[in-house]
Amino acid sequence: MPYEAPDFYGIDELLTEDERMIRDAVRGWVEDRVLPVISEHYLNGTFPTDLIPEMAELGLLGAGIDGYGCPGLGAVAYGLILQELERGDSGIRSFASVQGSLVMWPIRHYGSEEQRKRWLPALHKGEAIGCFGLTEPDHGSDPGGMETRAVKQGDRYVLNGAKMWITNGSMADVAVVWAKLDGVVRGFLVEKGTPGFLQRSMGKKFSLRASDTSELVLQDVAVPLGNLMPGVEGLRGPLNCLTQARAGIAWGVCGAAMACYDEARRYALQRTQFGKPIGQFQIIQGKLVEALAEITKMQLLNLRMGRIKEGGKVTPQQVSLAKRNGCHFALEIARTCRQILGANGITAEYQVMRHMCNLESVITYEGTHDIHTLILGHAITGLDAFR
Ligand code: TGC
Ligand code: FAD
C-alpha cells in the first residue's frame with residue numbers, strides 16, 4: 001500500500017503548484033532511495049553517504065539559499081523538503097539541515113565574498129560537506145559560556161578548544177567553529193586536515209544512529225585571517241543560524257510523526273485480535289485520532305510560520321514555539337504509534353521505534369524542550385528565568 005500522507009485539513013490546497021511538485025519529488029525519492037536502506041544503516045550506525053550526490057542532484061542542499069548557484073526556495077518549499085526527508089529518517093534531515101541552515105546560511109549571511117564563492121557552490125553540489133561547532137563538553141544549553149578561544153598571531157588566528165555532539169563532524173570538509181576572540185563570539189571556517197584539527201566520530205548512540213555525530217578538537221589550529229566570517233559578532237551570530245535550523249526541525253518532525261501515524265493506521269487495519277482488526281477498538285481509534293489531531297495542528301503551525309518567514313517577519317520566539325511543540329508531539333505520536341504495533345513495533349521491520357529513538361535527540365538539540373519553554377516564558381513575561 002502506498003504511503004498516505006495525512007492531510008485532514010486540505011493543506012495541499014494552500015500550497016503553490018511548485019511547492020507541491022517539490023514536496024512530491026522528495027517524497028518519491030525518500031520512498032525509492034531512503035526507506036529501502038535506512039534500517040540497515042541505523043542498525044549498523046552508518047550514514048548513507050552514497051545518497052549525498054543524489055540529494056545534491058535534487059537540489060536539496062542549501063535549497064533555501066539564494067545566489068551562488070543555489071535555488072533560493074521559499075521557507076515553505078524548504079520546510080516541505082525537510083518534512084519529507086525526516087519522514088525517511090531524522091539523520092537524513094539533520095544532514096540537510098546542518099549543511100543548509102547551519103553552514104551555508106552563515107557563510108551566505110556572515111561570510112566574505114571570497115568565502116561565499118569558495119564554499120557555497122561546492123556545498124550545494126555536495127562536493128563539500130559542512131558542520132557547525134557550537135556545543136562544547138561543558139556548554140550545551142549555555143553556549144555563551146564557551147571556552148574555545150581564538151587568538152590573533154600575525155597573519156593567522158590560532159584556535160584552541162573542543163566541540164562535542166557535532167552532526168556531520170567527522171565527514172566535514174569545512175567546520176563553522178564558534179570561538180571567542182578578545183572575549184567576543186566569532187565564527188571561523190576550519191578546514192579538514194588543518195594541523196591540530198581532530199574530527200572524531202562518537203559511537204555508542206541509541207538515537208540518530210544513521211547520522212555522523214562527532215567531536216571536534218582544536219589544538220593550536222592556525223587558520224588564515226581570511227577564515228574569520230566578518231559579518232557578525234556576538235552570540236546572536238550562532239543563534240540566528242539556529243533560528244533557521246529550528247524552523248526546519250519543526251517541519252522535519254512533522255514528517256517523522258506523519259510516517260509513524262501512517263504506519264500505525266495501516267497496521268491497525270490489518271492486525272486482528274479478538275476476532276477484529278485492532279483498529280476497530282475504541283482505544284486504538286482514540287490513539288490514532290490524537291495523533292492525527294496533533295499532526296494537523298503541526299502542519300497548520302508550520303505553514304503559517306513558513307509564510308510569515310517568507311514575509312521576513314518571523315521572530316525567533318515564534319520559531320521556538322513551533323520547534324518545541326513539534327518535537328514534543330512528534331515524540332508522543334511516535335511512542336503511541338509504537339505501542340499500536342505491539343511487539344512488532346520494537347523491530348527494525350517497522351519505522352516507529354527508529355523515529356521514536358531519533359526524536360529523543362531532536363527534542364534535545366537546537367535547544368531542549370525546556371530551554372524553548374524559558375525562551376517563550378521570557379517573551380511573554382519579560383523575565384529571564386535562565387539564570
Ligand atoms: P542572550 O543574552 O539571550 O542573547 C545573546 C544575544 O543573542 C541574541 N539572541 C538571538 N538572536 C537570534 N536568534 C535567537 N534565537 C536569539 N536569542 C538571543 C540576543 O538578542 C543577544 O543579542 P545582542 O546583540 O544583544 O548581544 O543569550 P543567553 O546567553 O542568555 O542565552 C540564551 C539562550 C539560552 C536562549 C540560548 O543560548 C540558547 O538558545 N541555548 C540553546 C543552545 C542551542 O540551541 N544549541 C544548539 C547547538 S547546534 C545544534 O544543536 C545542531 S543539531 C543539528 C541537527 O543535527 O539537525
Ligand atoms: P545541558 O545544557 O547540560 O542540559 C541538561 C538538562 O538541563 C536539559 O534537560 C536542559 O533542558 C536542562 N537545563 C539546562 N539549563 C537549564 C535552565 N536554565 N533551566 C532549566 N533547565 C535547564 N551541537 C552543535 O553545536 N552542533 C551540532 O551539529 C549538534 N548536533 C547534535 C546532534 C545530536 C545527536 C545531539 C544529541 C546533540 C547535538 N548538538 C549539536 C548538541 C545539542 O545542541 C545539545 O545537546 C543541546 O543544546 C543541549 O545541551 P547539553 O546536551 O549540554 O545539555
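Here are some notes on the predicted model above, point by point.

1. Ground rules. This is a predicted model, so local features need pLDDT of at least 70 and side-chain atom pairs count only at pLDDT 80 or more, while totals for chains, interfaces and linings use all residues. Residues are numbered from 1 along each chain as its sequence is written, chains are lettered from A and ligands numbered from 1 in the order in which they are written, and side-chain values use heavy atoms, with hydrogens and water left out.

2. The ligand site. Ligand 1 has 26 residues around it, and the closest are Ser 141, Thr 167, Arg 246, Glu 366 and Gly 367 (a residue is near if one of its heavy atoms lies within 4 Å). Have a look at the polar contacts too (pairs of N or O atoms within 3.5 Å; within protein, one must be able to donate a hydrogen and the other to accept it, and residues adjacent in sequence count only if both atoms are side-chain atoms). Ser 94 puts a polar side-chain atom 2.9 Å from an oxygen atom of ligand 1, and an N or O atom in the side chain of Arg 387 is 3.0 Å from an oxygen atom of ligand 1. Thr 243 has a polar side-chain atom 3.3 Å from a nitrogen atom of the ligand. Taken alone, ligand 1 exposes 1100 Å², and the protein buries 73% of that (Shrake-Rupley areas with a 1.4 Å probe; for residues, only the protein chains shown count as cover).

3. His 372. This residue lies in helix α10, residues 369–381 (helices are DSSP runs of H or I, at least four residues, and strands are runs of E, at least two, numbered from the N terminus). His 372 counts as buried because its relative accessibility is 0% (buried is under 20% relative accessible area, exposed over 50%, partly exposed in between, with a 1.4 Å probe and protein chains only). Its side chain reaches the backbone oxygen of Glu 366 at 2.8 Å. Leaving aside neighbours within four places in sequence, His 372 is in contact with Arg 246, Ser 320, Lys 323, Arg 324, Glu 366 and Gly 367 (contact is heavy atoms within 4.5 Å).

4. Arg 118 is partly exposed at 46%, and Glu 191 is partly exposed at 23%.

5. Salt bridges within helices. Arg 266 and Asp 262 meet at 2.9 Å, N to O; they are four residues apart in helix α6 (236–270), so about one helical turn separates them. Both Arg 266 and Asp 262 are buried. In helix α7 (282–310), Arg 307 and Glu 310 are three residues apart, again about one helical turn, and their closest N and O atoms are 3.0 Å apart. Here Arg 307 is partly exposed at 26%, as is Glu 310 at 36%.

6. Asp 12, Arg 23 and Asp 24 are linked in a network of salt bridges. Phe 8 sits in the segment before α1 (17–44) and is exposed, at 59% relative accessible area. Phe 8, Tyr 9, Leu 14 and Leu 300 make a nonpolar surface patch of about 460 Å² (patches are made of residues with over 30% relative accessible area and no salt bridge; like charges are joined within 9 Å, nonpolar side chains, meaning Val, Leu, Ile, Met, Phe, Trp and Tyr, within 5 Å).

Technical notes:
A salt bridge is a side-chain nitrogen of Lys or Arg within 4 Å of a carboxyl oxygen of Asp or Glu.
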